[in-house]
Amino acid sequence: MSQVASFSIDHTGFLDAQGKVQGELPAFARDAETLTRLYKAMVLTRTFDAKAVSLQRTGRLGTFASSLGQEAVAVGVGEALRPEDVLLPSFREQGGQFLRGVTMTELLLYWGGDERGSDYAGPREDFPICVPVGTQAPQAAGVALALKLRGEARVAACVFGDGATSRGDVYEAMNFAALQALPLVFVVNNNQWAISVPRARQTAAETLAQKAVAAGMPGLQVDGNDVIAVRHVVGEAVERARRGGGPALIEALTYRLSDHTTADDASRYRDDAEVSARWKEDPVARLRTYLSEAGHWTKEAEEALIADCAARVEAAVEEYLATPALPPSAMFDHLYAELPAALEAQRDEVTANNDAEGDEP
Amino acid sequence: MSELALVEAVRLALARAMSDDETVLLLGEDVGIDGGVFRATDGLLARFGEARVIDTPLSESLFVGLAVGLGAQGFRPVIEYQFMGFMYPAIDQVLNHAGRLRNRTRGRLSCPMVIRAPYGGGIHAPEHHSESMEALFAHIPGLRVVIPSSPAKAYGLLLAAIRDPDPVVFLEPKRVYRATKEDVADDGAALPLDQCFTLRDGRDVTLVSWGAMLQETLAAAETLAAEGKEAEVIDVATLKPLDMETILASVERTGRCVIVQEAPLSGGVGAEIAAGLADRGLVSLLAPVGRVAGYDTVMPLPRLEAHYMPTEQRILRKLRETLAYT
Ligand SMILES: Cc1ncc(C[n+]2csc(CCOP(=O)(O)OP(=O)(O)O)c2C)c(N)n1
Ligand SMILES: [Mg+2]
């Protein structure tokens, strides 16, 4: 018998749970301004999430998926991309979407039930939030194939959850991406849960990163609560892909501190003790500790940031709440490039019904 | 102008679209060096190269997802499914994404694509190779579903489908891939989508069908003519969106209608046409709308296949019944 293949999975982390540096920081992380920017982006995301949950609780927003505790993954990915790259997110990547120029108002509109929330004014080529789990992965391969065929130095990034890695779509996309050496970086936002299904019941594989091995591409694991590590490892994969080095899969280990969505009650399936223990690994607190101890962050700066984030979120909420719904016939506006004649009668009917019955059917 | 079989007309349209427009790409299993299992893409790899004729791994769910990404980036992918029976994993991408990307982004992103697949029975193919499941796709908002019935229709409709800015499911009746030849001019002229074609004028009854079934339908009209009754034959061609106007106008003249489909009877496109007639054509109707269809059974394996397929005889029986109704 002889061994024909073997693999190992590297894990990267720089800031431990106490905010202490392990090993040597990557070059970008020696710039206080960069780290402060990452910190601010995480705090903004946390402020937004908390507000969105409270809006839902008070009947002013639909079901919403908070990213509480997972901010470092989204923000690290968002920071690793260039504006001209293309992001294909899941439904829990708001932190990264904001960095790419998606507005808080847009995401509130989306979760508030308005298609205009996916008509991003900023990153025009980014894909909208993807609800059918993992289905954005094949699309990311399509985007990356387009970038490669045109010979552009651009990269697609696709983020999905630990649950998504059990879907065939994700494997089909990874397999094709590796075959074609596509400029595509897959990121698993492994928050340990897929609604009530814990990571251990999702797959018998020891790591999710190793799913890349079967597809023929590098698989790496990173501390997903360390924004420096996420930014670094994703950034290296993105730049490697940009140089023609092909795709990679990065598993970011984090923890979903919130319910799955506002429609979920996680106390039905997991212990509070588990959650409180995980709060000790909070990505936001750990970077704040590091920045404070390094002398780059003060109590005053923190207070100013909290006030600023609250004001920005409040402004977005106001804009969202002040946006009137589209007229009912809008559901026909973009069904096709041009509405087929066969559908005109239905569009006229919805308008006529509305005229007869008023705005609130 | 040359005499071409339907599958050759498909190839001609693909080649034409690819030489006219650099953004047109072909993807699918065995579409490259093998030219596709029905040879629809024969020679296209040699002519257009690996970057535009892409042999994919066996990943049916992937293909439409790829096309969504490519389409959103400005390409016009044409995907070949080897057989309709293997398309179903793609329904997720078709329904959840391809058909709604434009709408859900308010027009910011769209994904033009053509999803080609040979479909239908009558060639004694193995299990899963003979179904006619067009109604599954015709139910999906934001799509077009197109079925050509002849070589010239295949050429013109496929060009139209590729140039269309929205996703098109283009189902090819493989029983007639090589059954007949027709003069097809490679003039780059597309046929209109969203329109039925009247293949034969008649004043006594309207016969409505699509795809391979038009062979039997036209033969039945011919036999009927010898008996002194003239059937108007309509080729639906675009099943979604459905051009009821042409069908209604014909039934207004004839007062009678028989719909012929190879697909199972219930919930098929024929039922939608019959409902459209009940809705808006009732006053013209002199007889109940007749339907000749496959049965609501699992498509039989080849030994019983001929008993499943609507035949000229079955169509004639229904026609005579419809004509005799007073
Ligand atoms: C294909 C599909 N199946 C089921 C669902 C319902 N659902 C929504 S989120 C979810 C769990 C997803 O878990 P994971 O991929 O780990 O992402 P997370 O929610 O933890 O971010 C499920 C089952 C869905 N949206 N899509
Ligand atoms: Mg998860």
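The model is predicted. Across all chains, a search of the whole structure finds zero disulfides. C111(B) is one example of a cysteine in no disulfide. The cysteine sulfur nearest to C111(B) belongs to C130(A) and lies 13 Å away, whereas a disulfide needs two cysteine sulfur atoms within 2.5 Å.

Are C111(B) and C309(A) buried or exposed? C111(B) has a relative accessible area of 2% and C309(A) one of 1%. Both values are under 20%, so both residues count as buried.

## The magnesium site

Which residues coordinate the magnesium ion (ligand 2)? They are D162(A), through OD, N191(A), through OD1, and W193(A), through O, at 2.1 Å. Along the sequence, the spacing of these donor residues is D-x28-N-x1-W.

N191(A) is buried because its relative accessible area, 3%, is under 20%. W193(A), with a relative accessible area of 9%, is buried as well.

## Domains of chain A

The domain assignment divides chain A into domain 1, residues 10-325, and domain 2, residues 326-361. The donor residues D162(A), N191(A) and W193(A) have numbers that fall in the range 10-325 of domain 1. C309(A) also has a number in that range.

How many Å separate the centres of domain 1 and domain 2 of chain A? Taken over C-alpha atoms, the separation is 37 Å.

Terms used: Residues numbered from 1 in each chain as written. Chains lettered and ligands numbered in written order. Predicted model: local features only at pLDDT ≥ 70, side-chain atom pairs only at ≥ 80, totals over all residues. Heavy atoms only, no water. Donors = N, O, S within 2.8 Å, 3.2 Å for Na, K, Ca; no water. Buried < 20%, exposed > 50% of the residue type's maximum accessible area, 1.4 Å probe, protein only. Domains from an automatic or database assignment.
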